[in-house]
Each structure stands twice: as C-alpha cells, then as structure tokens.
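Please consult the sequence and the structure shown below while reading.

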Amino acid sequence: GDHRDLHLSLRRQRQMCIRDRKTRLKRLTDALELIGDRISDLTAIQREHTEEEREKARLAETGPRQLY
C-alpha cells in the first residue's frame, strides 16, 4: 500500500506541476500579446504626432498656403 501511495502522490504532484506550467505559460503569452498590442498603438500615435510636427515645421517655414 505505502509504495503505491507514494507513486500516486508523486504522479498527482507532477500532473499539478504540468497543469500549473500550462496556466503560467498561457498567462505569459496573453501578457506578451497585450504588450505587443500596446506597442503597436504607441507606435501609431508617435507616427501621427511626428507627421503633425513635420506639418507645423513646414507651415512655420513657408507660412500658410495661399488660395488664389
């Protein structure tokens, strides 16, 4: 009895470790995906801001476009 109980206990412990590892891995991949999405958002915002700054600089150099 004791010998088999030890094997059963070790097997149960190993299965819990595997399950916990899968859970942690899923959480990590979800977090990384979220971080990637945020980086994409920030990159898009930065690109828009840079384009606005370029347009402001162009206007400062040339003045507003005249409509004839």
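## Asp20 and its salt bridge

Asp20 counts as partly exposed because its relative accessibility is 33%; the class partly exposed lies between buried, under 20% relative accessible area, and exposed, over 50% (1.4 Å probe, protein chains only). The side chain of Asp20 forms a salt bridge with Arg19, and the closest N and O atoms are 3.5 Å apart. A salt bridge is here a side-chain nitrogen of Lys or Arg within 4 Å of a carboxyl oxygen of Asp or Glu. Arg19 is partly exposed as well, since its relative accessibility is 48%.

## Basis of the model

The model is predicted: local features need pLDDT of at least 70, side-chain atom pairs count only at pLDDT 80 or more, and totals for chains, interfaces and linings use all residues. Residues are numbered from 1 along each chain as its sequence is written, and side-chain values use heavy atoms, with hydrogens and water left out.

## Overall architecture

The protein contains one helix and zero strands. Helices (H or I, at least four residues) and strands (E, at least two) are DSSP runs, numbered from the N terminus. Just after α1, Gly63 adopts a positive phi of about 80°.

Along the principal axes, the C-alpha atoms of the protein fill a box of roughly 100 × 15 × 5 Å. The radius of gyration is 29 Å, whereas a compact globule of 68 residues would have a value near 11 Å. This radius is taken over C-alpha atoms, and the globule rule is 2.2 Å times the number of residues to the power 0.38.

Two pairs of residues illustrate distances along the chain. Leu42 and Asp20 are 22 residues apart, and their C-alpha atoms are separated by 33 Å. For Asp37 and Gln15, also 22 residues apart along the chain, the C-alpha separation is 33 Å.

## Further salt bridges

A search of the whole structure finds five salt bridges. One of them joins Asp30 to Lys26, with the closest N and O atoms 2.8 Å apart. Both residues lie in helix α1, four residues apart, about one turn of the helix. Asp30 is partly exposed because its relative accessible area is 36%, and Lys26 is partly exposed because its relative accessibility is 48%.

Another salt bridge links Lys56 with Glu53, where the closest N and O atoms are 3.7 Å apart. Because Lys56 and Glu53 are three residues apart in helix α1, about one helical turn separates them. An α-helix has 3.6 residues a turn, so residues three or four places apart point the same way. Lys56 is exposed, with a relative accessible area of 53%, while Glu53 is partly exposed at 37%.

## Solvent accessibility and the nonpolar patch

Buried residues make up 1% of the 68 residues. The protein exposes about 6900 Å², and carbon and sulfur atoms supply 56% of this area. Accessible areas come from the Shrake-Rupley method with a 1.4 Å probe; for residues, only the protein chains shown count as cover.

Which residues form a nonpolar patch on the surface? The patch consists of Leu25, Leu28, Leu32, Ile35 and Ile39, which together have about 490 Å² of accessible area. Patches are made of residues with over 30% relative accessible area and no salt bridge; like charges are joined within 9 Å, and nonpolar side chains (Val, Leu, Ile, Met, Phe, Trp, Tyr) within 5 Å. Leu28 lies in helix α1 and is partly exposed because its relative accessibility is 48%.

Leu42 is also found in helix α1 and is exposed, with a relative accessible area of 56%. Asp37, likewise found in helix α1, counts as partly exposed at 38% relative accessibility.
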